[in-house]
Structures are given as structure tokens and as C-alpha cells.
Amino acid sequence: MARAQRSAGLSTALLALPLLGLSISGCQFLAPPPLELEMLVGSALKGFCQEAAKAIGQAPPRLADRTPVLLRCRAAGSGDVVSEMESHARGVLQGGQAADDPRIPTLLSVDGEIYLDLLRHRLQRLAPTRELIPAPADAPALASSPMVFMTTPALAKGLDRTDPFTALARSSDHRQLDPAGPSQPIRFVHTAPTRSNSGLQTLVAMVAEVAGKRPEALTLADVQTHGGKVAAIQRHVTRYGSSTDELARAMLRNGPFWASVGSVYESSVVGVNASRQGDQEPLKAVYPRATYASTMRAILPDAPWVSPQEKQAALLLIERLQREDVQRLAADQGLRPANPAVPPSRVTAAYGADPRAVYDSLRAPKPEVVEAIISLWRTQAKKPSRVALVVDSSGSMKGEKLPAAQRSLQAYLAQIGPRDTVGLFDFDNRLRPPVVVTGGGQAGGPAGEPAGRFIASLEAEGGTVLYDAIRQGRDWLRSTRRPGEILAVVVLTDGQDNGSRLSLEGLGGELRRSGFASDERIGVFTMGYGNQGDFDADVLRRIAESNGGDFTTGTADSIRRRMEDLQMAF
């Protein structure tokens, strides 16, 4: 269909003939312009896909008519891949979206078979008589990376056991896992299962272990029966996240008292150890006796949005992605290549991994059980959060900035769960009392009326008392927090501090007293909004990264997505 992009027109090709040593009279030898297909992949395959696309571009495969075939990659969380394709399929099959819509990718990949089965299940509900997405056995493997526990060498022994999740549920200190090991509170991190494959695989493995069953044997009753044990594990969570690799990097940066155990891909362990600075403690992969292999497959839909030409082109790309020279690029990313002729060259003890690790590879539960597990986590087992969302509405937010920020706030608040509380703070040259919103309803709906009024009331005027506003949000968390909550200040600003009573150094001292070295464990996340130079990136990064959080940037076009990603941390 028209979704595959022609990267050069005929006139451009004709102008290039002299460069190719051909004359106009030799036009019968002119190759057609390239055909470029988009592949939407899970985040674990992002690096490999991008490097493979570059390599393929150097010597592209060709269709029978000599058309060169190129690859373009786009990465998202595996849950986002499923949601996007479900939306496209609904639009095409039920009307309202053209089959040749250029936004629909031709090829797909998710980071494991649970989300692949979920994608098949959801699209089959839209087209019960068709198999739009191939079964896992019919989708060629590209690479894999087993789920592991990432921890320090001193804490690894306590996790190397037959019942790691059950042990976490009944313990609060690592010495309870290993009496000979150091005494240290258990702090756990994994990604949000609603969008991330590693988070979903972690959650399913957790439910299966506490239920004493294989994942494929789990029932809906098992999910409900064992929700309390899952919640007991979740109480250790420092925070969640949308990206496995970013969470692993945060664990390396913040140290074991921020998070002592992470459930991540083996490739994440390889990646953080490869980038580790000399003064940072190495991290080690502990392989559960039974875990998910996280096989990443090339998925070619048999669907009306894939034309016969695109299908042939996609098959050529899949063949190239499995070739030895390209598979070595997967090994370079710390993945285990699917081609057995290519060794996993970075899966070594030097990078905290074990190339000879033996484990029982888990299978996916039934899709309806997976849906129930996700629902259980969101409504009952997830650790509750309390977030101070501090929004700059100073005069510099005039123009498109403020409406885009308002839309991003609506998207953020629409995703908060029933166990979450958000305090909304609006500041310019003045501080205002918060509007408090609890989960369970979208902003603007009946349960979200206060949030809707807050968003609508924002006006761009005044100065920027940024440091005072951050402290105000932190103070609200200290005075309203409840036991067992994730606590965080999230700051959205397009400017630099102007007029705060508190200095940057004074703010740093205040935040340290409530940070991860204290019992309050309040993190700070900052987002610089607008053009570079509008805000002080170094200051915002320093505030966030010295307080267990992250700094990011956003523009009017990207801020909504940035805020949605950030919301996944809580």
C-alpha cells in the first residue's frame, strides 16, 4: 500500500543517471526508487533494529523488479505496540481508517510471547474468522534476552533460590534471604506491566510462583486467590517505569539503597556494566530456575494493510535480519542472536552475565488470564503512589506552550490508577494551594472535575519561583503521606528560577533531608519544556538525579508522550 515510502521520485533518479554511468538512452536499466518499510518494535529490540537498518541500507535486498528494500525502525513499549496495532486494526476493519494509512507499520515485534499472544487475542476479537497475526511458531525469531534479577554480587546469593518471589513476599531485609549476607532493606524495581514487556513477564512469573503453577495452567481464580501475595512483593517497589534499560541505568546511578533488586533483561545487565564508571559498583544477573526467554520475533501481519508488494519486501527484510552479519549486531547490543551460528559475544561474566545459564523457559498464560493479572496489579496489587505535580504557569508559557501542557496534564491524569493520589500545584511568581485528585476517573469526567477545573484555570502570567514551588510540593508530600506509598515531586517548567526565597543550595539541602537516605524516600523528577536555553537543563538535571529521579525535556509536540512515560514510574 502507499504506506511504504518511495524515497526518490523518477525525476531525481533521472538526474542521477550520469552519476551511475548510464545515459538517458539506457533508461531501460534504471532501477526503481527504494521501497522503505517501517518496523514497530519493543524497546529491547530498538538498538538492534536501528543498527540493522543502517547495515541493510548499505546493501539493500531487491524485489524481482530490482526495487531496493529499506528498513525504518520505530520503538515503543510492547504494550504500546499492542495498543497501537489494535487501534489501527479497528479503524481499518470497522471503517474510518484507510488500509494504506502511512501511520500503520508493515512489520512488528514485541519483546516476548505474552504480548504477542495478547496482540493475537485482541485482533482476533475484531476479526474472529481471520488470523491477522501469526502464531509465535510462525513468526521468525530475531533475538532473545532472558529475564533476570539484577543485584550486587554481595546480595546475589539470597536471590539464587527456587522461590525468589515467595521469599521476597515474606521478607523485608536481604539478610532474611541470605543469613550470611549483608543486612539491607529490600528495594525492588520493575517496569509497569501495562506498557512494558519485562514488567508483564515479571508480574506473570510472580503470580505463577506464588500460585505454585506453570503460567499456562493459571486460571482466573488463581489470579484473585493470590493477589495478596503479589501485593506483599509490590510493597518493596521503589518505583516503576516505562523502559527496562532506563530503569536499569537508574539503579546503577542511584545505588543499591535506592533499589537493591531489579527485574530486567539480561541485556540490561550487560548494558549497565558496559557503561559503568570506575567508582560504580558492578551489578550481576541472577537467573531464576524458571524464567521468560523474552524471544523477540519478526511479525508480518496477514492483514489488509499489508499489500502483496509489501509482503514480499518484508520477507526479504526478515531474511536479512536473520543473516549472520546482521545477527552480530544483535550480539553487540547484549542480546542472544537467534541465528545459532552467531555467539552472544557480550553475554559474559565481565558484563555480569552467564552465557551458560540454564533455566526452564516459561510459557504465556491464556490471554484472558493475562488481562486479569494486569487488572489485578492496577486495582489491587500495585504499590500506591502520591505525587506532587508542580506546573509552571509563568508568563513565558504563553502561546502554544500552555495548551500543549494542558493536554499533557489531561493525558497524565487520565492514566492514574485507583490507588494513586496527585496534588496539582500551579505557580508563577506566587504559590497556590494544591488541588488534590485521586485515581478512578479521567480529568474532566465526574470523578475528575477538580482536575478539569485546575487545568482549565491555568493562565500564563507572572514570574517563576521554581525552587519555592518544588519545596511546596515536597512539603505537601511530607504532611499528607501514608505508609507504603511511592512519593515523588514531578516538576514541569519552561523557565529558570526568578524570585524564589530559597536558593538552589538551600533547595538541595531540603530535598536531601527527605530523599532516599531518609525514611521518607521522596524522589524528584524534572521536565524542561520548550526550546533549549529557555530552561536551565543543568540545574534541572542536578535537582532530579541527586534525588533519585530523572530529568527529561519536551516540546509542544512531544510533551504529552513524555508525561505519559513519566506517569508509568508511579
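Biologist: Starting with Pro164: buried or exposed?

Modeller: Pro164 is buried, with a relative accessible area of 4%. Keep in mind that this is a predicted model.

Biologist: Noted. Where is the place of Pro164?

Modeller: Pro164 sits in helix α7, which covers residues 164-170.

Biologist: And what does Pro164 touch, not counting residues up to four places away in sequence?

Modeller: Phe149, Leu159 and Glu209. There's also Pro288, which is 124 residues from Pro164 in sequence, yet their C-alpha atoms are 7.6 Å apart in space.

Biologist: Let's switch to helix pairs. At what angle do the axes of α11 and α16 cross?

Modeller: Roughly 65 degrees, and the axes come within 10 Å. Here α11 is residues 227-234 and α16 is residues 367-381. That angle makes α11 roughly perpendicular to α16.

Biologist: Which residues make the contact?

Modeller: From α11, Gly227, Val230, Ala231 and Gln234; from α16, Leu376, Trp377, Gln380 and Ala381. By class, the contact of α11 with α16 has 5 nonpolar residues, 3 polar and no charged.

Biologist: How about α17 and α22: at what angle do they pack?

Modeller: About 30 degrees, with the axes 8 Å apart. The two helices are therefore roughly parallel to each other, as under 35 degrees counts as roughly parallel. α17 passes α22 in a right-handed crossing.

Biologist: Which residues of α17 and α22 meet?

Modeller: On the α17 side there are Ala404, Ala405, Ser408, Leu409, Ala411 and Tyr412, and they meet Ile559, Arg560, Met563, Glu564 and Gln567 of α22. That contact divides into 7 nonpolar, 2 polar and 2 charged residues.

Biologist: Staying with α22, which of its residues are buried?

Modeller: Ile559, Met563, Glu564, Leu566 and Gln567 are the buried ones in α22, which runs over residues 559-567. They cover an arc of only 160 degrees around the axis, so they are on the same side of α22.

Biologist: What covers the buried residues of α22?

Modeller: The cover includes α17, plus the strands β14, β15, β17 and β18.

Biologist: OK, β14 then. What's the story with Arg386: buried or exposed?

Modeller: Arg386 is in strand β14, residues 385-392. Arg386 is buried, at 6% relative accessible area, because the cut-off for buried is under 20%.

Biologist: Which residues is Arg386 in contact with, leaving aside neighbours within four places in sequence?

Modeller: Among them are Thr421, Trp476, Leu477, Arg481, Arg482 and Glu485. Ile486, Leu487 and Ala488 are also in contact with Arg386.

Biologist: Where is Ser393 found?

Modeller: In the loop between β14 and α17. Ser393 counts as buried too, at 1% relative accessibility.

Biologist: A buried serine in a loop, then. What is Ser393 in contact with, leaving aside neighbours within four places?

Modeller: Asp426, Phe427, Asp428, Arg432, Leu458, Glu459, Ala460 and Glu461.

Biologist: Back to helices. How do α19 and α20 pack, and how far apart are their axes?

Modeller: At about 15 degrees, with axes 10 Å apart. That makes α19 roughly parallel to α20. The crossing of α19 past α20 is left-handed.

Biologist: Which residues of α19 and α20 meet?

Modeller: Tyr467, Ile470, Arg471, Arg474 and Arg478 in α19 meet Leu504, Leu507, Glu510, Leu511 and Arg513 in α20. The class count for that contact is 5 nonpolar, no polar and 5 charged.

Biologist: Take Leu511 from that list. Buried or exposed?

Modeller: Leu511 is buried, with 3% relative accessible area.

Biologist: How far is Leu511 from Arg195 in space?

Modeller: 30 Å, C-alpha to C-alpha, and 316 residues apart in sequence.

Biologist: Last one, α21. Which residues of α21 are buried?

Modeller: In α21, residues 537-545, the buried ones are Ala537, Val539, Leu540, Ile543 and Ala544. Their arc around the axis is only 165 degrees, which puts them on the same side of α21.

Biologist: And what do the buried residues of α21 pack against?

Modeller: Helices α19 and α20, along with strands β17, β18 and β19.

Notes: Residues are numbered from 1 along each chain as its sequence is written. This is a predicted model: local features need pLDDT of at least 70, side-chain atom pairs count only at pLDDT 80 or more; totals for chains, interfaces and linings use all residues. Side-chain values use heavy atoms; hydrogens and water are left out. Axes are lines fitted to C-alpha atoms, for helices over the stretch in contact, and angles run from 0 to 180 degrees between N-to-C directions. Helices (H or I, at least four residues) and strands (E, at least two) are DSSP runs, numbered from the N terminus. Angles under 35 degrees count as roughly parallel, over 145 as roughly antiparallel, 65 to 115 as roughly perpendicular and the rest as oblique. Contact means heavy atoms within 4.5 Å. Ala, Val, Leu, Ile, Met, Phe, Trp, Tyr, Cys and Pro count as nonpolar, Asp, Glu, Lys and Arg as charged, and the others, Gly among them, as polar. Buried means under 20% relative accessible area, exposed over 50%, partly exposed in between (1.4 Å probe, protein chains only). The arc is that of the directions from the helix axis to the C-beta atoms. A crossing is left-handed if the near helix is turned anticlockwise from the far one by less than a right angle, and right-handed if clockwise.
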